[in-house]
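User: I'd like to learn how to read a structure like this one. Could you walk me through it, one feature at a time?

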Amino acid sequence: MTDCLFCKIIDGQIPSSKVYEDEFVLAFRDIDPQAPQHIIIIPKEHIKSANDITAENSAVIGKIFEVAAKIAKDLGFADNGFRVVNNCGEDGGQTVSHLHFHLLAGRNLGWPPG
Ligand code: AMP
Ligand code: ZN
């Protein structure tokens, strides 16, 4: 999608600090980290939000969680733990309209979220 920030990151039009990439998934460091480790994991297919996950496109969600587990091991925070967050729509606090999951780690994360 031409006017999507994360599609531009996938295309390389906008630079990012990549942590992981394969045919289906890209992970890169959040530009405004909310924890010592804050990584954004996205499908390469432009899916607008969690509201747009369907039987046809949902396989990539499993891949995203596989990637989260791999990154947690590779970066050394699997044992201490982490949080995976998806913000959906206005009330969910979604600011970029390309489905993404925040992988947060490196401190004790509060609950409930704001
Ligand atoms: P959300 O608020 O859930 O839509 O999350 C969007 C996230 O994208 C925020 O945490 C932003 O800090 C992050 N973000 C925005 N622009 C960039 C960028 N160019 N590179 C990396 N992360 C970004
Ligand atoms: Zn997109």
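User: Let's start with the largest pocket: how many residues line it, and which lie nearest its centre?

Analyst: First, some ground rules. This is a predicted model, where local features need pLDDT of at least 70 and side-chain atom pairs count only at pLDDT 80 or more, while totals for chains, interfaces and linings use all residues. Residues are numbered from 1 along each chain as its sequence is written, chains are lettered from A and ligands numbered from 1 in the order written, and side-chain values use heavy atoms, leaving out hydrogens and water.

On a 1 Å grid over the protein atoms alone, a pocket is an open set of points where a 1.4 Å probe fits, with protein on both sides within 12 Å along at least five of seven lines; lining residues have an atom within 4 Å of a point. Here 31 residues line the largest pocket, and Asp30, Gln34, His38, Ile40 and His102 lie nearest its centre.

User: Which elements give two or more residues to that lining?

Analyst: Elements are DSSP runs numbered from the N terminus: helices (H or I, at least four residues) and strands (E, at least two). For this pocket they are helix H1 (5-11) and strands E2 (25-29), E3 (37-43), E4 (83-85) and E5 (101-105). H1 gives the largest share, three residues.

User: Now the sheet. In what order do the strands come?

Analyst: Strands of a sheet pair through backbone hydrogen bonds, either parallel or antiparallel. The rule for a pair is at least two DSSP bridges between the strands. In this model, five strands form an open sheet in the order E1-E2-E3-E5-E4, with antiparallel pairing. E1 (18-21) and E4 are at the edges with a single partner strand each, so one side of each has no neighbour in the sheet.

User: How many bridges join E1 to E2?

Analyst: Three bridges join them, and Tyr20 stands opposite Ala27 in E2. The two strands make a hairpin, with three residues between them.
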